[in-house]
Amino acid sequence: GTIVWEGVAFSPDGFLVNPADWTTDLATKIAAGLGIQLSEQHWHVIRWVWHFHAETGSSPNVRRIASGSGVGTAAMYQ
């Protein structure tokens with residue numbers, strides 16, 4: 001079933017049940033839980049993916065993110 005963390009519902013696969021629940025604060029907390037401090041490059045990619053999903057209703061693959069965001073494939077796998 002659904003997992004609720006920080007008052008937000010996630011699917012068993014870790015996706016937001018309601019994408020409108022996403023906030024920069026939530027992203028920061030998720031990253032911190034993974035031991036990651038988000039850099040400006042992270043935020044650039046996160047914003048790009050968020051806008052892509054909002055426009056298309058789908059999630060881009062890594063190659064699409066690398067080219068669309070301008071970050072590049074090597075940086076994506078870093």
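Contact here means heavy atoms within 4.5 Å, and helices (H or I, at least four residues) and strands (E, at least two) are DSSP runs, numbered from the N terminus. This is a predicted model, in which local features need pLDDT of at least 70 and side-chain atom pairs count only at pLDDT 80 or more, while totals for chains, interfaces and linings use all residues. Residues are numbered from 1 along each chain as its sequence is written, and side-chain values use heavy atoms, with hydrogens and water left out.

**Helix α3**

Let us start with α3, which spans residues 62-69. Its buried residues (under 20% relative accessible area, with a 1.4 Å probe and protein chains only) are Ile 65, Ala 66 and Ser 69. These residues sit on the same side of α3, because they cover an arc of only 100 degrees around the axis; the arc is that of the directions from the helix axis to the C-beta atoms. An α-helix has 3.6 residues a turn, so residues three or four places apart point the same way.

What do the buried residues of α3 pack against? Their partners are α2 (40-56) and α4 (73-77). On the other side of α3, Arg 63 and Ser 67 are exposed, a word that stands for over 50% relative accessible area, with partly exposed in between.

Both ends of α3 have something to show. Just after α3 comes Gly 70, whose phi is positive, at about 80 degrees.

**Aromatic pairs**

Rings of Phe, Tyr and Trp (its six-membered ring) pair if their centres lie within 6.5 Å; planes under 30 degrees apart count as stacked, over 60 as edge-to-face and the rest as tilted.

| Pair | Centre to centre | Angle between planes | Kind |
|---|---|---|---|
| Trp 5 and Phe 10 | 6.5 Å | 55 degrees | tilted |
| Trp 22 and Trp 50 | 4.9 Å | 25 degrees | stacked |

Trp 22 lies in the loop between β2 and α1 and Trp 50 in helix α2, so their pair ties together parts that are 28 residues apart in sequence. Trp 22 is partly exposed at 23% relative accessible area, and Trp 50 is partly exposed at 30%. In the tilted pair, Trp 5 is partly exposed at 36%, whereas Phe 10 is buried at 9%.
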